[in-house]
Amino acid sequence: MSKIKIKINNREYEVAPNLTILEACREAAIDIPTLCYMKEINAIGSCRICLVEVKNARSMPAACVQPISEGMEIFTNTPAVQKSRKANLELILSDHNKDCLSCIRNQTCELQKMSADLGVSDENRFKGKMNEFELEDNHSSIVRDNSKCIRCRRCIAACAELQEISVIGAINRGFDTSVGCAFEAGLKDVPCIACGQCIVACPVGALYEKDETEAVFKALADPDIHVAVCAAPSIRVTLGECFGGKPGEFVEGKLAAVLKRLGFDGVYDMDFTADLTVMEEAKELVERLTKNGKLSDGKLSDEKIPDEKISDGPLPLITSCSPGWVKYCEHYFPEFIANLSTCKSPQQMFGAIYKTHFAKKLGLDPKNIFFVSVIPCTAKKFEATREGQSAVGDGIRDVDAAITTRELARMIKKYGINFDKLPDEKFDSLIETGTGAGVIFGTSGGVMEASLRTAAYLLGGHLLGGSSADKIDFEEVRGDEGIKKASYQIGDKTINVAVASGTANAKKLLNSIKSGETNVDFVEIMACPGGCVNGGGQPVQPIRVRNFENLWERRAESLYKDDQNKEIRKSHESPLIKAVYEEFLGEPGSPIAHQILHTHYAPRGKDIKV
Amino acid sequence: MKKIKTTAGFMGTSEQKEKLIAMIAEHKDIKGSIMPILQKAQEIYGYLPLEVQQIISDETGVSMSEIYGIVTFYSQFVLNPKGEIAISVCMGTACYVKGAKDILDRISANIGIKPGETSKDGRYSLDATRCIGACGLAPVFLVNEDVYGRIEKPEDVDDILKKYTES
Ligand code: SF4
Ligand code: SF4
Ligand code: SF4
Ligand code: FES
Ligand code: FES
C-alpha cells in the first residue's frame with residue numbers, strides 16, 4: 001500500500017493510508033490521551049478526550065475514530081485543544097465520586113492520571129446534581145460501584161464484543177444513563193460467567209474483584225490455623241507488573257520469597273496440580289478415545305484399562321480447568337456438558353489433595369487448614385464456592401480463599417515488603433515446583449500441549465506414529481490465534497484437536513462442532529482471550545498498553561521460556577507425581593482419584609432473575 | 001438510581017405469543033430491525049415486560065442488555081401496561097405549585113403502587129405526567145379519560161377514586 005503524506009505539529013510524516021489520527025500520531029511518537037476507545041471493539045468517539053485540531057476542519061475531530069487523509073495537517077497540543085480536553089475531563093469529573101484516597105484504583109486509575117497529566121485545575125468546575133448509586137457487591141467475584149463509572153462503555157464492549165456474552169449494557173439516556181444488566185438485575189442474577197474481562201477493561205474504580213484479602217490476613221493472624229498458599233502458573237509472569245515490571249517479567253523466585261514473608265505456613269507452586277490435572281485428563285482422553293472406538297486396537301503402552309473404569313463420556317473431550325469457560329458451557333452450551341472433563345481445575349485439585357493426603361503427612365486436621373490460591377482469574381472465586389468442590393466433605397471447602405494477582409499485590413504493599421529487593425527463593429520442598437508441562441497451563445494452548453505430551457506417552461509412541469512418544473513441542477497449538485487446530489496420527493487413526501480462547505472463539509468453535517463442520521476429539525477452551533496470562537484477575541494495564549501491545553503474548557512467551565529451561569517437561573515424569581500416585585492415588589482415574597480430584601456440572605439456564 | 005421495573009404480573013396469551021414469534025420471524029433477517037420489532041411487540045402487548053423482551057432476545061439473538069438499553073433509551077417504549085383504571089397526575093408547574101405532589105402521594109398510598117408502576121393484578125396504574133394543558137384547572141389528575149381539576153385538598157381524591165374502585 002502506498003503511503004500518504006501528513007503533517008503532525010508542523011512536521012512531515014509518511015504513513016500508511018488506512019490509519020486513524022490516533023494511530024498515525026502514535027507512529028510519530030505522540031501519545032494522544034484516550035478514555036473510551038478500545039481498539040477494534042469500542043470506537044464510539046464518545047468521551048471526546050482525544051480531540052485534536054485539523055487545519056481547515058470545522059470542528060475538532062476525535063482522533064480515535066477520525067481517519068487520516070492525504071495532506072492532512074494535525075495539531076495535537078494547541079491551547080484550544082488543551083482547553084477542550086480539559087473542559088471535557090472536568091465535565092466527566094463533575095458527576096464522579098472523587099474519593100481517590102480510599103479508591104481501589106488509587107494510583108492505577110486512568111482518570112486520575114489523566115487529571116494530573118492534563119492539569120485539571122478545578123475538579124468541581126461543573127459541579128451540579130450527581131447521580132446516586134448503590135454499591136453492588138453480592139456477586140461471587142465482581143463488585144460494581146457506579147458512583148465511579150464514567151460511562152466509557154469499555155466494560156460493555158469487553159463483555160459484548162470481546163467475549164460475546166453481553167450481560168451488561170447502558171440503561172436510560174442522558175444524565176440518567178448508567179451501566180448495568182437488563183431490568184437492573186444484579187450481575188449474580190444474569191448469565192455472567194465471572195470472567196472479569198470487564199474489570200481489566202475499566203479505566204477507573206467502578207469495577208473490581210471481590211476482595212478476599214481480609215479473610216486471608218485474618219487466618220494468617222490466627223496461630224491455630226495452618227494457612228497454606230499455592231500460586232497459579234501465570235502469576236510468576238504477571239505479578240512483577242504491579243511493582244513497575246515489564247509485562248511478562250519472570251518473577252517466580254520473588255513470588256515464592258514474598259509468600260513466605262507474608263507468613264504462610266506452606267508456600268507451594270500450583271504447577272504441581274497442573275501436572276496432576278494432566279495425568280487425570282490424559283487418562284480420561286485415552287479412555288474416551290478407546291470407548292468411542294477411536295483406538296479400537298486398544299494398544300496402550302504400559303497399562304491396559306480395565307473395562308469397568310472406562311470413562312463413558314463422549315468425544316470431543318473438552319478441558320475443564322477454566323471455571324469461566326465451565327460456567328459459560330453450563331449457561332450457553334448445556335449440550336456440551338457431557339463433553340467436559342470431569343477433572344477439577346488445578347486450583348481445586350490442590351486444595352483437595354492438600355486437605356487429604358498432605359494433611360495426613362503433616363499430621364494436620366483438615367478443619368484447621370485454611371487453603372489459599374493466588375490466581376489470575378475472577379471466575380476461580382466463583383469456582384471455589386461451587387458445590388462438588390469438597391474432597392473432605394463436612395462442608396470443608398477445597399479452597400478457602402482465592403485471591404487474584406492484584407489482591408496479592410495489595411497484600412504485599414500493605415505488609416510493607418519491598419518487592420524489588422527480595423531475593424529469589426524456592427517454593428516449599430514438600431511439594432516441589434512442577435514440570436514445564438505444568439507451567440504452560442497458564443496460556444492458551446498450554447493445557448492441550450501438556451496433555452498431549454502425556455497422552456503421547458500413554459499411547460506408547462502411537463501418537464504421530466513411530467517413536468514420537470518423545471515429542472515435546474507441539475508448536476501447532478501455540479500462538480495468539482483465537483482458534484488453533486491440529487491433527488496427530490495414532491497408528492492408522494487421526495486424532496484431531498482444537499484450542500479456543502475467549503468465549504467468542506469458544507462459541508464459534510462449538511457451533512462448528514455442532515454443525516459437523518469441525519470434527520475433533522480433544523478440545524481446550526479458556527474463557528479469557530489468550531488464557532490465564534490475560535485473565536480477569538491479572539494486573540490492569542492502561543488502555544495505551546492494551547490497545548497497542550500484545551500483553552498476553554509477552555506474558556506467554558515468558559512461560560514457554562520457563563518450560564524450555566525446565567529439566568522435566570512432561571507431567572508423568574515428575575518424581576512428585578509418581579510418588580503421589582504410589583503413596584495415595586493408585587493410578588490416574590482410580591476410584592480414589594475420582595472421589596478427590598473429579599467433579600460434576602449442571603445446566604444453569606440463560607434467564608434473568610428479577 | 002432510577003429503578004425501572006415491571007410490577008404487573010405477566011398475563012400474555014398464547015395468541016399474543018404466536019403473533020409475536022411470527023412477526024419476529026418476518027423481520028429478524030433485516031439489518032437493524034430491532035427497533036421495528038420492539039415497536040410491533042409493544043403494539044401486540046401494549047408494553048414490553050421481561051417475558052416479551054426475553055422472547056425477542058431468544059428469537060433474534062440480540063442480548064437482553066442491549067434490548068433493555070434500547071427500551072429504556074426511547075420514551076416511546078413502556079415497561080408497564082396501562083391499568084384498567086389508569087391514573088395520571090399532572091406534575092406541570094401550575095399543578096405542582098398547587099400541591100400536585102401531595103395528590104400524587106395520596107393516590108399512591110390509596111392504591112398501593114408507586115408512580116410508574118402497575119398493580120400486580122393489572123387493575124391500577126399510576127403515572128406522573130407533564131403539563132396536560134389544563135393549567136386553569138390546576139391541580140389536575142386524570143382517571144382514564146376523565147379529568148378532575150381544582151382539587152382543593154389531597155383527601156378529596158378518596159371519594160373520586162371510590163367511584164372507580166367500587167364499580
Ligand atoms: S476512579 Fe480514579 S479518579 Fe475516581 S476516585 Fe478512584 S482513583 Fe480517583
Ligand atoms: S465478568 Fe465477564 S461475563 Fe460477567 S459481565 Fe464481566 S465480561 Fe461479562
Ligand atoms: S464500569 Fe468502568 S468500563 Fe464500564 S462504563 Fe463505567 S467506567 Fe467504563
Ligand atoms: S472519543 Fe476518542 S477516546 Fe473517547
Ligand atoms: S401544569 Fe398541570 S395542566 Fe398544566
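## Basis

In this predicted model, local features need pLDDT of at least 70 and side-chain atom pairs count only at pLDDT 80 or more, while totals for chains, interfaces and linings use all residues. Residues are numbered from 1 along each chain as its sequence is written, chains are lettered from A and ligands numbered from 1 in the order in which they are written, and side-chain values use heavy atoms, with hydrogens and water left out.

## Chain A against chain B

Chain A places 20 residues in contact with 21 residues of chain B, where contact means heavy atoms within 4.5 Å. Between them the two chains bury about 1,700 Å², of which 57% lies on carbon and sulfur atoms; buried area is the accessible area (1.4 Å probe) that two parts lose on being put together, summed over both. Of the area that chain A buries against chain B, 41% is supplied by A:Asn172, A:Phe183 and A:Glu184, more than any other three residues.

There are zero salt bridges between chain A and chain B, a salt bridge being a side-chain nitrogen of Lys or Arg within 4 Å of a carboxyl oxygen of Asp or Glu.

## Ligand shells

Ligand 3 is surrounded by 14 residues, the closest being A:Cys149, A:Cys152, A:Arg153, A:Cys155 and A:Cys202, and a residue counts as near if one of its heavy atoms lies within 4 Å. The residues surrounding ligand 1 include A:His96, A:Cys100, A:Cys103 and A:Cys109.
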